[in-house]
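Here is a friendly walk through one structure, helix by helix and contact by contact. Have your viewer ready and follow along.

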Amino acid sequence: WEANALPLPERLILLDKLQRTLDLMKLLIRLVYDCGIYKLDGYVYRQERLQEIGNMLGVWRKNTRKKIGLDP
């Protein structure tokens, strides 16, 4: 992972960017489903995977913020 090699402040910037990208991906997957390109099972599968990634990313961001001293 590229973020692991970065100093903590730069790591947090990258992780925040990744969070925004993930949010965009969730929105695009929803639009694809709404347009009828994915069926419900395909949509649910992809959203569950993105949710798992989001959870991992959230923990990583939280731990990085603690190390920097931004969160208690």
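## Arg65 and the end of α2

In this predicted model, Arg65 is found in helix α2. With a relative accessible area of 28%, Arg65 is partly exposed. Setting aside residues up to four places away in sequence, Arg65 touches Leu12, Leu70 and Asp71.

Just after α2 comes Gly69, which takes a positive phi of about 100°.

## Helix α2 and what it buries

Helix α2 covers residues 40–68. Its 29 residues reach 41 Å from the first C-alpha to the last, close to the 42 Å expected at 1.5 Å a residue. Which residues of α2 are buried? They are Gly42, Tyr43, Gln47, Leu50, Gly54, Leu57, Trp60 and Thr64, and what covers them includes α1.

Gln47 is a polar name in that list worth a look. Its relative accessibility is 19%, and the cut-off for buried is under 20%, so Gln47 counts as buried. Beyond its neighbours within four places in sequence, Gln47 is in contact with Lys26 and Ile29.

Nonpolar side chains tend to be buried together in soluble globular proteins. Here the largest nonpolar core has nine residues: Ala3, Leu14, Leu15, Leu22, Ile29, Tyr43, Leu50, Leu57 and Trp60. Helices α1 (8–34) and α2 each supply at least two residues of this core.

Tyr43 is one of the core residues, and is buried with a relative accessible area of 13%. Not counting residues up to four places away in sequence, Tyr43 touches Ile29, Arg30, Tyr33 and Tyr38.

## Rings and a charge

How many aromatic pairs are there? The count comes to one. The rings of Tyr33 and Tyr43 have their centres 4.5 Å apart and their planes at 20°, so the pair is stacked. This pair links distant parts of the chain, with Tyr33 in helix α1 and Tyr43 in helix α2, ten residues apart. While Tyr43 is buried, Tyr33 is partly exposed at a relative accessible area of 26%.

## Salt bridges

Side chains of opposite charge can pair when their charged atoms come close. A search of the whole structure finds five salt bridges. In one of them, the side chains of Asp16 and Arg61 meet at 2.8 Å, N to O. This pair joins distant parts of the chain, Asp16 in helix α1 and Arg61 in helix α2, 45 residues apart. Asp16 is partly exposed at 22% relative accessibility, and Arg61 is partly exposed at 24%.

Other salt bridges stay within a helix. Arg30 and Asp34 meet at 3.0 Å, N to O; being four residues apart in helix α1, they are separated by about one helical turn. Arg30 is partly exposed at 39%, as is Asp34 at 48%. In helix α2, Arg49 and Glu52 lie three residues apart, about one turn of the helix, and their closest N and O atoms are 2.9 Å apart. Arg49 is partly exposed at 28% relative accessibility, and Glu52 at 41%. Salt bridges that share partners join Glu48, Arg49 and Glu52 into one network.

Notes. Residues numbered from 1 in each chain as written. Predicted model: local features only at pLDDT ≥ 70, side-chain atom pairs only at ≥ 80, totals over all residues. Heavy atoms only, no water. Buried < 20%, exposed > 50% of the residue type's maximum accessible area, 1.4 Å probe, protein only. Contact = heavy atoms within 4.5 Å. Core = buried A, V, L, I, M, F, W, Y, C linked by side-chain atoms within 4.5 Å. Expected span 1.5 Å × (residues − 1). Phe/Tyr/Trp six-rings, centres within 6.5 Å; stacked < 30°, edge-to-face > 60°. Salt bridge = Lys/Arg side-chain N within 4 Å of Asp/Glu carboxyl O.
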